[in-house]
Amino acid sequence: MKNKISICSLFVACLLTACGDDSSTNPDAGDTGESKASSSSFNDEPKSSVAGGSESKDTSSSSVVQSDSSEQEFSSSSEEIIESSSSKGFAKNYDPATGLLTDERDGEIYQTTQIGEQIWMAQSLRYLPAEPIEGCDFRFLDEREKPDSLETYGRIYSWIEATRINCEYGTNRIYFGSEEYPLPHQGLCPDGWHVPQIQEWQTLIDAVNTDIYGLISTDWTSFGYVGTDKYGFNVLKPAVGLNYIQFLVLENSSTFGYNITFNDLGTVIQVESAQGNKFADHQYLRCIMD
């Protein structure tokens, strides 16, 4: 795993209130985590981090409890209406009886989960594209990942690699929903699936009623709480030495690439969105059905 990329600019601000009681800061060892505080905030405070030897700013933004202002900012592409998977039928490579997705490109099989009206991959994509993206002199992903890590966590991509957008847009704003980049945007996802938009992540958080511990795996424990994986989304505990895990997301409001980060803060799990370098390969991709 690589260190967290430095990130800049702000997006949306709103700190999730704790769901638990005072025991979230004084937990007892037998607690399952369901009664602990769960947090999802896309706050305004910049953070500094180092990734791949380069240093930059990281500004997070998010909201799972929507205020009037956060609702307006979070849906920067609200004119793009997101149709639920169930309203459009199932992708041909998905078996609703088993909940398995078979990627016809390489034969890889993925667990999935339905949460509300959305159907998500419950494992991160492992697909290795045959060629670099258009306009790129070299790849922006890790081709040398160890098999064990690849099987467990999925492949690490850069935002530009996962979206498969011409490298000339590496420092320019991308307008998803335009004639050039219509929505849903498939990117590296299998046919019938796409790279999730930030509003689709918000829909997911709303559907679980901010129960962040229900989205994380049961091996993610810290200071008395434990993930319950109630919804089968299976966000894995970060690799050794890290306290966060990041997923790619589409957003129209920036020249940067967006990600969704699950942070372990010791007594809570916080979900936030942030902006970063489009070419930094430090994120995973969870595709969602069209």
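## Arg126 and its salt bridge

Arg126 has a relative accessible area of 6% and is therefore buried (buried means under 20% relative accessible area, exposed over 50%, and partly exposed in between, with a 1.4 Å probe and protein chains only). Its side chain meets that of Glu108 in a salt bridge, with an N to O distance of 2.7 Å; a salt bridge is defined as a side-chain nitrogen of Lys or Arg within 4 Å of a carboxyl oxygen of Asp or Glu. The pair links distant parts of the chain, 18 residues apart, with Arg126 in the loop between β7 and α2 and Glu108 in the loop between β5 and β6. Glu108 has a relative accessible area of 27% and so counts as partly exposed.

This is a predicted model, in which local features need pLDDT of at least 70 and side-chain atom pairs count only at pLDDT 80 or more, whereas totals for chains, interfaces and linings use all residues. Residues are numbered from 1 along each chain as its sequence is written, and side-chain values use heavy atoms, with hydrogens and water left out.

## Other salt bridges

The structure holds 3 salt bridges. One of them joins Asp103 and Arg105, whose closest N and O atoms are 2.7 Å apart. Asp103 is buried because its relative accessibility is 0%, while Arg105, with a relative accessible area of 32%, is partly exposed.

Arg164 forms a salt bridge with Glu161, and the closest N and O atoms are 2.3 Å apart. Arg164 counts as partly exposed at 28% relative accessibility, whereas Glu161 counts as buried at 1%.

Helices (H or I, at least four residues) and strands (E, at least two) are DSSP runs numbered from the N terminus, and two strands pair if DSSP finds at least two bridges between them. Strand β5 (residues 100–102) pairs with strand β6 (residues 109–115) in the antiparallel sense over 3 bridges. Thr102 stands opposite Ile109 in β6. The hairpin formed by β5 and β6 has 6 residues between the strands, and Gly107 in the turn has a positive phi of about 80°.

Strand β6 is also joined to strand β7 (residues 118–121), by 4 bridges, and these two strands run antiparallel. Gln114 has Ile119 in β7 as its bridge partner. In this hairpin, 2 residues lie between the strands, and Gly116 takes a positive phi near 65°.

## Disulfides

A search of the whole structure finds 2 disulfides, a disulfide being a pair of cysteine sulfur atoms within 2.5 Å. With bonded cysteines counted along the chain, the disulfides follow the pattern 1-2, 3-4. Cys136 and Cys167 form a disulfide with their sulfur atoms 1.5 Å apart. The link is right-handed, with 50° about the S-S bond. It connects distant parts of the chain, 31 residues apart: Cys136 lies in the loop between β7 and α2 (147–153), and Cys167 in the loop between α3 (159–163) and β9 (193–194). Cys136 and Cys167 are buried.

In the disulfide of Cys189 and Cys287, the sulfur atoms are 2.1 Å apart. The torsion about the S-S bond of Cys189 and Cys287 is about -90°, so this disulfide is left-handed. The pair links distant parts of the chain, 98 residues apart, with Cys189 in the loop between α3 and β9 and Cys287 in the loop between β15 (281–283) and β16 (288–289). Cys189 and Cys287 are both buried.

## Nonpolar cores

A nonpolar core is a set of buried Ala, Val, Leu, Ile, Met, Phe, Trp, Tyr and Cys residues joined through side-chain atoms within 4.5 Å. The largest such core has 31 residues, of which Leu125, Tyr157, Ile165, Trp193 and Leu285 touch the most other members. β7 and α3 each supply at least two residues of this core, and the largest share, 3 residues, comes from α3.

Leaving aside residues up to four places away in sequence, Ile165 touches Ile133, Trp159, Ile160, Ile174, Phe176, Tyr181 and His185, where contact means heavy atoms within 4.5 Å. A second, separate core of 30 residues includes Ile205, Leu215, Val249 and Ile288.

## Helix α4

Helix α4 (residues 198–207) is largely enclosed by the rest of the structure, because 7 of its 10 residues are buried. The buried residues in α4 are Ile198, Gln199, Glu200, Trp201, Gln202, Leu204 and Ile205. Just after α4, Asn209 takes a positive phi of about 55°.
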